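Student: I am new to this structure, and I would like to learn how to read its features one at a time. Could we go through it together?

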Amino acid sequence: MFGKRTRREFLSQAGTLAAAGVLAASLPEQHAGAATTKGPHDFAIVEGHRDMWEISGRTRLPGADNHLPITSHLVPRLIEAGMTVCIAPAGGGDSLEERDDTQDLLEGGLRVLDLYLTDIAQSKGMASLLLTKSDIPSGPTRGKVKFFIDMEGAGAIQSSQPEPMIPKERNLALVRQFFRLGVRGIQLTHNGRNQVADGRGVDKVGGKLTPFGVEVVKEMNRLGMMVGVAHLSTNAIIHVAEISKTPIVSTHQNLESVTHSNPPVEITDEEAKIIAKTGGIVGIRYHSNTATPYTKLAQEVEYLCKLIGPEHIGVGWLGHDKANPSSHDIEGHLTKPRTFTGPEAQTVYEHYDNFIKALSERGLTDEQIGLVLGGNYLRIWKQILPEA
Ligand SMILES: [Zn+2]
């Protein structure tokens with residue numbers, strides 16, 4: 001049986017990105033800044049991966065607002081930032097309770113999904129789910145934001161039976177049930193190993209997908225779900241790319257040629273190319289421990305433009321904002337004053353505004369910036385999602 005301790009061990013190690021990385025020396029000099037006149041509200045922004053730690057943390061606190069954390073705390077910030085769609089990992093092992101091993105993955109997955117659905121239903125139309133092709137926005141939206149529900153790791157759809165006894169036909173029922181509840185993407189693993197595949201934190205090279213994993217990908221393709229490979233081992237990424245009939249995505253991983261985290265979760269240039277070749281997206285994410293995170297992210301985007309093209313790049317997450325404390329000190333943040341510095345002292349709007357300027361200064365056109373910020377997701381969802 002899949003061991004809780006192993007999972008917890010890896011999750012607890014998944015800390016902040018280390019400052020080890022520097023960009024490859026081959027990057028060209030910065031272009032003379034042809035600054036764009038556009039800002040966050042001029043683009044259809046799709047954020048590839050907003051961890052739910054803040055949301056689950058707030059539900060532990062008193063106050064009615066904290067029991068509708070999405071409507072009360074998150075949605076207003078996203079709308080102010082001009083966000084069109086937020087890809088939200090709900091369930092699969094990403095809540096504080098699951099990370100603390102106080103709730104198993106299926107129960108946790110269902111509970112967290114209920115939290116999203118209940119909260120969004122009370123948003124008075126400010127928030128809604130992106131479920132079908134007809135829900136895909138055609139451009140920037142004002143005053144509302146859609147949520148695309150993703151699962152980080154397939155833990156919640158696993159069998160309680162040991163391999164090789166996994167009743168794969170029966171367990172595909174869980175994929176279908178989560179789909180019916182609104183889940184539209186599954187990242188096949190987190191850093192650990194599960195009944196679908198090996199996560200790169202336990203084995204970077206890893207094995208192919210398990211027979212059950214193959215069936216999961218096929219069923220996701222059939223239903224119209226986005227297949228996620230963030231945290232997946234190399235051989236599993238290759239295998240998914242071979243069998244998936246629709247584009248695959250890494251929603252929130254940087255390149256290991258650019259930065260290193262501890263434990264290492266970045267992907268290689270070669271893996272980025274494999275993902276792009278399926279028509280998919282590599283979503284970069286915030287670099288901590290640097291005074292100039294947006295400059296560094298923009299340099300990474302420029303590097304990826306040359307490696308795989310701007311039509312295969314996305315944005316995972318641009319960092320904590322001043323109203324979004326890190327998971328480790330959410331309770332402290334809300335009960336005692338905390339000093340914010342650097343990007344953490346900024347709003348989500350400012351993050352995107354700074355990033356857009358940095359991309360423009362690296363020479364990206366407004367059209368290319370639009371693809372990176374969200375246009376690419378809107379395109380592949382037209383290939384992936386169910387008609388209605
Ligand atoms: Zn992750």
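Student: What should I know about the model and its numbering?

Tutor: This is a predicted model, in which local features need pLDDT of at least 70 and side-chain atom pairs count only at pLDDT 80 or more, while totals for chains, interfaces and linings use all residues. Residues are numbered from 1 along each chain as its sequence is written.

Student: What does the protein chain average in pLDDT, and where does pLDDT stay under 50?

Tutor: pLDDT is the predictor's confidence in each residue, from 0 to 100, and where it is low, the predicted coordinates should not be read in detail. Here the protein chain averages 86, with 84% of the residues scoring at least 70, whereas residues 1-32 stay under 50.

Student: How many helices and strands are there, and what percentage of the residues is buried?

Tutor: Helices (H or I, at least four residues) and strands (E, at least two) are DSSP runs, numbered from the N terminus, and the protein chain has 13 helices and nine strands. A residue is buried if 20 or more other C-beta atoms, placed from the backbone, lie within 10 Å of its own, exposed if 12 or fewer, and partly exposed in between; of the 388 residues, 51% are buried.

Student: Which residues touch the most other members of the largest nonpolar core?

Tutor: A nonpolar core is a set of buried Ala, Val, Leu, Ile, Met, Phe, Trp, Tyr and Cys residues joined through C-beta atoms within 7 Å. The largest one has 98 residues, of which Tyr116 and Val240 touch the most other members, and helix H13 (residues 366-384) gives it the largest share, eight residues. Two residues are in contact if their C-beta atoms, placed from the backbone, lie within 7 Å; leaving aside neighbours within four places in sequence, Tyr116 is in contact with Ile70, Ala88, Ala90, Phe147 and Ile149. Val240 is one of the buried residues of H8, and those buried residues pack against H7, E6, strand E7 (248-250) and helix H9 (269-277).

Student: How do the axes of helix H6 and helix H7 cross?

Tutor: Two packed helices are described by the angle between their axes and the distance between the axes. The axes of H6 (residues 168-180) and H7 (residues 211-223) come within 10 Å and cross at roughly 35 degrees. Residues making this contact include Leu172 and Phe179 of H6, together with Phe212 and Met220 of H7.

Student: Which loop holds Lys124, which one holds His231, and is each residue buried or exposed?

Tutor: Most residues other than glycine have a negative phi. Lys124, however, has a positive phi near 55 degrees, and His231 has a positive phi near 80 degrees. Lys124 lies in the loop between helix H5 (105-121) and E3, and is exposed because 8 other C-beta atoms are within 10 Å. His231 is in the loop between strand E6 (226-228) and helix H8 (234-243), and is buried because 28 other C-beta atoms are within 10 Å.

Student: Where is Asp135 found, and which residues is it in contact with?

Tutor: Asp135 is in the loop between strand E3 (127-129) and strand E4 (145-152), and counts as partly exposed because it has 16 C-beta neighbours inside 10 Å. Leaving aside its neighbours within four places in sequence, Asp135 is in contact with Leu130 and Lys146.

How values were computed:
Axes fitted to C-alpha atoms, helices over the stretch in contact; angles between N-to-C directions.
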